[in-house]
Amino acid sequence: MGQLGKEERSSIQRLFDIAYLIAFKGCPYCDFSDIRELEKLHRVKFSSNPVYENNMGCKIFFHFAAKALFEKEVKDKIKRANFITVLADFYLVPVVQLKS
């Protein structure tokens, strides 16, 4: 498995930053391509590999951002806690309908 070059790494970092902004603002995935195109108009350079430059790439960045935040914020706090409380609110849909 190869390592990313300096240019590829900074390109992916820029795409990750765009995806993080979209997630933070609660925007739809389709805004990712629009913001990327706007950045290109501002002469921001992205790598020639378009693998992550679409809505699916945005979803991948969302996944890893959420995973990193969970590891940092939630998992560490749970590990350090002496006690933990779990609250659950379920709406149960009847699976079997009874006939009279």
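Me: How many salt bridges does the count come to?

Reply: The count comes to three salt bridges. Keep in mind that this is a predicted model, so everything here is read from computed atom positions.Me: What makes Glu-71 and Lys-75 a salt bridge?

Reply: The closest N and O atoms of Glu-71 and Lys-75 are 3.6 Å apart, and the rule asks for a side-chain nitrogen of Lys or Arg within 4 Å of a carboxyl oxygen of Asp or Glu, so the pair qualifies. These residues are four apart in helix 3, which means that about one helical turn separates them.

Me: How do you know that Lys-77 forms a salt bridge with Glu-73?

Reply: Here the closest N and O atoms are 3.8 Å apart, and the cut-off is 4 Å. Lys-77 and Glu-73 are also four residues apart in helix 3, about one helical turn.

Me: Which residue forms a salt bridge with Glu-37?

Reply: That residue is Arg-36, with the closest N and O atoms 3.1 Å apart.

Me: How many disulfides does the count come to?

Reply: The count comes to zero disulfides. Cys-27 is in no disulfide, and the nearest cysteine sulfur, that of Cys-30, is 9.1 Å away.

Me: Which residues make up the largest nonpolar core?

Reply: There are nine: Leu-15, Ile-18, Ala-19, Ile-22, Phe-32, Phe-46, Cys-58, Phe-61 and Phe-62. Helix 1 (6–25) and helix 3 (55–80) each give two or more residues to this core, and helix 1 gives the most, with four.

Me: What makes such a set of residues a core?

Reply: They are called a nonpolar core because they are buried residues of the listed nonpolar kinds, joined through side-chain atoms within 4.5 Å. In soluble globular proteins, nonpolar side chains tend to be buried together.

Me: Which residues is Phe-61 in contact with, leaving aside its neighbours within four places in sequence?

Reply: Phe-61 is in contact with Ile-12, Leu-15, Phe-16, Ala-19, Phe-32 and Tyr-52. Tyr-52 sits in the loop between helix 2 (31–41) and helix 3.

Me: Where does Tyr-29 lie, and what does it touch beyond four places away in sequence?

Reply: Tyr-29 lies in the loop between helix 1 and helix 2, and touches Asn-55, Cys-58, Lys-59 and Phe-62. Tyr-29 and Asn-55 are 26 residues apart in sequence, with 5.5 Å from C-alpha to C-alpha.

Note on methods: Residues are numbered from 1 along each chain as its sequence is written. This is a predicted model: local features need pLDDT of at least 70, side-chain atom pairs count only at pLDDT 80 or more; totals for chains, interfaces and linings use all residues. Side-chain values use heavy atoms; hydrogens and water are left out. Buried means under 20% relative accessible area, exposed over 50%, partly exposed in between (1.4 Å probe, protein chains only). Contact means heavy atoms within 4.5 Å. A disulfide is a pair of cysteine sulfur atoms within 2.5 Å.
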